[in-house]
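Please look at the sequence and the structure before reading on.

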Amino acid sequence: MPPLPDDSAPLTIQGMDPTQAQQDLPYLFSRDFYRNPYPVYSALRRHDPVHWDEEHQVWVLTRYADVAAALVNPTLVRGGGEVTVETDDPLHRVLTRMMLFSEPPRHTRLRSLANRAFTPRRVEGMRQRIQAIVDELFEAIGGRRELDLIADLAYPLPVIVISEMLSLPRADIDRFKRWSDDVIAYSAGALHMVEQARTSVIALLAYFKELVDRLQSRPDGTIMSALVEAESAGSRLDGDELLANAILLLMNGHETTTDTIGNGVFALLQNLDQLEKLKQQPRLIVSATEEMMRYDGAVQLRGVGAAEKVTIGDRVIASGETVYMVIGAANRDPDQFAKPDRFDIERSPNRHLEFGNGIHFCIGAALARAEVQIAISSLLARCPNLELAGDQLEWKTIPVFRGLKSLPLHV
């Protein structure tokens with residue numbers, strides 16, 4: 001992905017006078033944008049749905065139909081098929097061997113192995129353990145009348161869950177969370193963090209190498225152990241790919257789930273009729289979770305490159321150009337969703353694109369859904385009189401992800 005945009009770049013719509021555009025539209029990737037990107041998405045979708053951003057040299061797709069089609073278009077790729085160029089850079093070496101940044105045929109064999117370890121039965125079997133972790137976190141909160149939803153629940157829950165699934169000791173959580181956050185930020189476009197991300201990926205490689213050595217002699221039934229056993233049994237996953245995709249599972253296993261829980265609770269507090277409905281009908285948590293992901297999803301966009309010339313709408317995208325598929329905009333498209341700016345926990349159908357589409361559909365979707373459902377159901381059951389404890393909320397400033405840095409609540 002290209003470097004992150006700065007806070008001073010106005011949104012310019014092709015065919016519109018730049019001065020008029022600057023006056024009529026919010027700024028793209030500004031502080032106001034991060035607080036609420038949806039008016040910008042709406043303006044683009046109406047006036048220039050396949051938009052060329054001249055300053056940052058990227059195409060921006062905002063219609064549901066275009067984004068859904070782009071997600072499965074084989075000419076729009078995240079990486080190469082097979083790694084043919086060796087490198088001594090550990091950061092580049094890890095990222096190019098992750099299935100997230102791979103295309104067939106390499107992606108096919110990586111995904112096949114991960115699917116065998118990340119089975120629906122294994123994830124479903126985690127529900128009881130997820131509930132136990134949530135209960136433990138609430139016990140730590142105790143009788144406090146105020147809490148920070150992010151720090152006290154939304155952040156530690158998915159980190160603990162994925163750590164246990166990867167056979168990582170809880171005592172080391174802060175270390176590998178910090179390391180993985182650095183790699184996540186860099187891979188999402190924060191190129192200024194390259195040295196920090198490189199240092200962190202070296203630490204992660206050393207950590208996981210020691211873990212692999214231990215699990216080879218003492219398997220423990222976790223997902224990580226299953227991956228190690230498959231690699232040891234002569235599967236098509238080599239040692240570098242094993243370590244790279246273990247790091248990927250750690251990265252993807254917590255960041256977006258934390259944001260989804262925070263964004264979801266915030267949406268409920270901004271729509272008290274829906275909050276009351278969910279408290280009265282707890283069974284609606286399943287459809288409510290899908291609506292939280294559609295309405296204000298953790299994943300706002302996915303960046304790909306055009307492997308060859310491709311036409312989207314009435315625009316021709318040249319080979320080598322970057323395309324931003326804006327999930328957050330697609331999920332508010334009125335051509336796909338009736339009254340898209342309305343938060344409706346009973347919305348049906350709700351074919352949102354938060355988990356992607358096609359071969360890159362999120363492998364952890366079932367786990368994320370389970371964690372969000374259990375966390376928010378438990379929160380409402382234990383704290384039925386939730387209120388915001390402040391109105392000065394700070395949002396992350398990375399275009400790829402949307403999430404609150406903290407969410408203070410009166411309980």
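The crossing of helix 10 and helix 19 is right-handed; a crossing has this name if the near helix is turned clockwise from the far one by less than a right angle, and is left-handed if it is turned anticlockwise. The model is a predicted one, in which local features need pLDDT of at least 70 and side-chain atom pairs count only at pLDDT 80 or more, while totals for chains, interfaces and linings use all residues. Residues are numbered from 1 along each chain as its sequence is written, and side-chain values use heavy atoms, with hydrogens and water left out.

**Two helices in contact**

Two packed helices are described by the angle between their axes and the distance between the axes. Helices (H or I, at least four residues) and strands (E, at least two) are DSSP runs, numbered from the N terminus. The axes of helix 10 and helix 19 come within 11 Å and cross at roughly 135°. Such axes are lines fitted to C-alpha atoms, for helices over the stretch in contact, and angles run from 0 to 180 degrees between N-to-C directions. Helix 10 is therefore oblique to helix 19; angles under 35 degrees count as roughly parallel, over 145 as roughly antiparallel, 65 to 115 as roughly perpendicular and the rest as oblique. Leu157, Pro158, Val161 and Met165 of helix 10 make the contact with Leu367, Glu371 and Ala375 of helix 19, where contact means heavy atoms within 4.5 Å.

Buried means under 20% relative accessible area, exposed over 50%, and partly exposed in between (1.4 Å probe, protein chains only). Among the buried residues are Ile285, Glu290 and Tyr295. The buried residues of helix 17 pack against helix 3 (38-47), helix 15 (255-270), helix 16 (272-280) and helix 19.

**Two residues with polar contacts**

A polar contact is a pair of N or O atoms within 3.5 Å; within protein, one must be able to donate a hydrogen and the other to accept it, and residues adjacent in sequence count only if both atoms are side-chain atoms. Thr62 lies in the loop between strand 2 (58-61) and helix 4 (64-71) and is buried, with a relative accessible area of 0%. A polar atom of the Thr62 side chain lies 3.5 Å from the backbone nitrogen of Arg45.

Arg122 belongs to helix 7 (residues 120-124) and is partly exposed at 26% relative accessibility. A polar atom of the Arg122 side chain lies 2.9 Å from the backbone oxygen of Gly221. The C-alpha atoms of Arg122 and Leu367 are separated by 9.6 Å, although these residues are 245 residues apart along the chain.

**Backbone exceptions**

Most residues other than glycine have a negative phi, and most peptide bonds are trans.

| Site | Feature | Angle |
|---|---|---|
| Pro104 and Pro105 | cis peptide bond | omega about 10° |
| Ser348 to Pro349 | cis peptide bond | omega near 0° |
| Ser167 | positive phi | phi about 65° |
| Lys339 | positive phi | phi about 45° |

Pro105 is found in the loop between helix 5 (90-95) and helix 6 (106-117). Ser167 is buried, with a relative accessible area of 11%, whereas Lys339 is exposed at 62% relative accessibility.
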